[in-house]
Amino acid sequence: MAKSKLSDSQQVDELISKLDAELKTTVQTIRELILAIDEEIAEQVKWNSPSFYFTGEMKAFDPKEYKRDIVVCNIHRGKILLVFPTGAKVKSLLKGNDYPDGRKIIAVEDLTAITIELQQLIKDWVAMVD
């Protein structure tokens, strides 16, 4: 009998379950925080990381522009990096690196310290959707 394909959320669950305890707790908190911001935000595994995207209506665009992708929670060498593929367009109080291709990358060192700013950045991103 063929194994049924896991849903996007189940795939994220599985990926998070394989992390060490401290990372698992932080990534799960980030996940819950992001999904609670707007009902049109969904999750999937993309680039081997939990990622979050906008499910609502948008004007047509080139898929290589990643306009639907909000943030990828990349775990690299025990550190959590929040990669916003189009995040440089959003003004934010969060310190991070903006790149010429439109990305913004924020290293998560203390989630408690950035929670409110992270929520606001994502709300602002959703408000800019066209």
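This is a predicted model: local features need pLDDT of at least 70, side-chain atom pairs count only at pLDDT 80 or more; totals for chains, interfaces and linings use all residues.

Next I checked the length of H3. The helix covers residues 111–127, 17 residues in total, and spans 23 Å from first C-alpha to last, close to the expected 24 Å. I also looked for bends, and H3 has a kink of about 30° centred on glutamate 117.

Which residues of H3 are buried? I noted Leu111, Ile114, Leu118, Leu121, Ile122, Trp125 and Val126. Then I looked up what the buried residues of H3 pack against: helix H2 (21–35) and the strands S1 (41–46), S2 (49–54), S3 (69–76), S4 (79–84) and S6 (104–108).

Is arginine 31 buried or exposed? Arginine 31 counts as buried because its relative accessibility is 6%, and the cut-off for buried is under 20%. Its side chain makes a polar contact of 2.6 Å with the side chain of aspartate 13. Beyond neighbours within four places in sequence, I listed its contacts as Ser9, Val12, Asp13, Ile16, Glu43 and Phe52.

Last came the rings. I found one aromatic pair in the structure. Lysine 46 lies over the face of tryptophan 47, 4.8 Å from the ring centre. The charged end of arginine 103 sits over the ring of tyrosine 99, at 4.3 Å from its centre.

Conventions
Residues are numbered from 1 along each chain as its sequence is written. Side-chain values use heavy atoms; hydrogens and water are left out. Helices (H or I, at least four residues) and strands (E, at least two) are DSSP runs, numbered from the N terminus. The expected span of a helix is 1.5 Å times one less than its number of residues. The bend at a residue is the angle between axes fitted to the seven residues ending there and the seven starting there. Buried means under 20% relative accessible area, exposed over 50%, partly exposed in between (1.4 Å probe, protein chains only). Contact means heavy atoms within 4.5 Å. A polar contact is a pair of N or O atoms within 3.5 Å; within protein, one must be able to donate a hydrogen and the other to accept it, and residues adjacent in sequence count only if both atoms are side-chain atoms. Rings of Phe, Tyr and Trp (its six-membered ring) pair if their centres lie within 6.5 Å; planes under 30 degrees apart count as stacked, over 60 as edge-to-face and the rest as tilted. A charge sits over a ring if NZ of Lys or CZ of Arg is within 6 Å of the ring centre and within 35 degrees of the ring normal.
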